[in-house]
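Welcome! Here is a friendly walk through a structure that may be new to you, told as questions and answers.

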Amino acid sequence: MDWFILIGRIVFVLIFVMSGLTVHLLKWRDGVAYARQNRVPMPELLVPFSGLMAVVGGILLALGLWPDLGALLIVAFIFPVAWMMHAFWRIEDPMMRMNDQVHFMKDNALGGAALAFFGFFQQFGDEVGLTLTGPLF
């Protein structure tokens, strides 16, 4: 069963590590422009900072190195992204509204899964195999 949990952790964090590395860090200027377009305050600071949260949280969760902290970093990253970057209720064009609504719902679902990972590692962290450490909290 530990292998299934490990594979699930790795597949789950890929989206956070990849988007954090690309949009938030390597192509941060594009990320800043997109964030500014969505009225995000201080995008020059928040885009790279949120990218670091996503990447570090994803790596911690995948490796099982303080996986509860990794899950919380993902939670702290994804819910603000959902609400600030995919505020579909502000969009008038029906197709663009639907697209952002899908991303909003996806991000909230990913945030819910990250919360579930946090709870899972809080309850069973020391019993989960294929991790480098137990939970931090």
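Q: Which residues have the most contacts inside the largest nonpolar core?
A: This is a predicted model, in which local features need pLDDT of at least 70, side-chain atom pairs count only at pLDDT 80 or more, and totals for chains, interfaces and linings use all residues. Residues are numbered from 1 along each chain as its sequence is written, and side-chain values use heavy atoms, with hydrogens and water left out. A nonpolar core is a set of buried Ala, Val, Leu, Ile, Met, Phe, Trp, Tyr and Cys residues joined through side-chain atoms within 4.5 Å; buried means under 20% relative accessible area, exposed over 50%, and partly exposed in between (1.4 Å probe, protein chains only). The largest core has 24 residues, and those with the most contacts inside it are Phe 12, Val 13, Phe 16, Leu 61, Ile 74, Phe 77 and Phe 117.

Q: Which helix gives the largest share of this core?
A: Helices (H or I, at least four residues) are DSSP runs, numbered from the N terminus. At least two core residues come from each of H1 (2-26), H2 (28-37), H3 (43-63), H4 (67-85) and H5 (94-124). The largest share, 7 residues, is supplied by H4.

Q: Leaving aside neighbours within four places in sequence, which residues is Ile 74 in contact with?
A: Contact means heavy atoms within 4.5 Å. With those sequence neighbours set aside, the partners of Ile 74 are Phe 12, Val 13, Phe 16, Gly 57, Gly 58, Leu 61 and Ala 114.

Q: Against which helices do the buried residues of H5 pack?
A: In H5, the buried residues are Asp 100, Phe 104, Asp 107, Asn 108, Leu 110, Gly 111, Ala 114, Phe 117 and Phe 121. These buried residues of H5 pack against H1, H2, H3 and H4.

Q: Which residue caps the N-terminal end of H5?
A: Look for a polar contact, a pair of N or O atoms within 3.5 Å; within protein, one must be able to donate a hydrogen and the other to accept it, and residues adjacent in sequence count only if both atoms are side-chain atoms. A side-chain oxygen lies 3.3 Å from the backbone nitrogen of Met 95, and the capping residue that holds this oxygen is Asp 93.

Q: Are the rings of Phe 120 and Phe 124 stacked, edge-to-face or tilted?
A: Rings of Phe, Tyr and Trp (its six-membered ring) pair if their centres lie within 6.5 Å; planes under 30 degrees apart count as stacked, over 60 as edge-to-face and the rest as tilted. The structure holds 11 aromatic pairs. In the pair of Phe 120 and Phe 124, the ring centres are 5.7 Å apart and the planes are at 50°, so the pair is tilted.

Q: Is Asn 38 buried or exposed?
A: Asn 38 is found in the loop between H2 and H3. Not counting residues up to four places away in sequence, Asn 38 touches Met 84, Met 85 and Arg 90. Because its relative accessibility is 13%, Asn 38 counts as buried.
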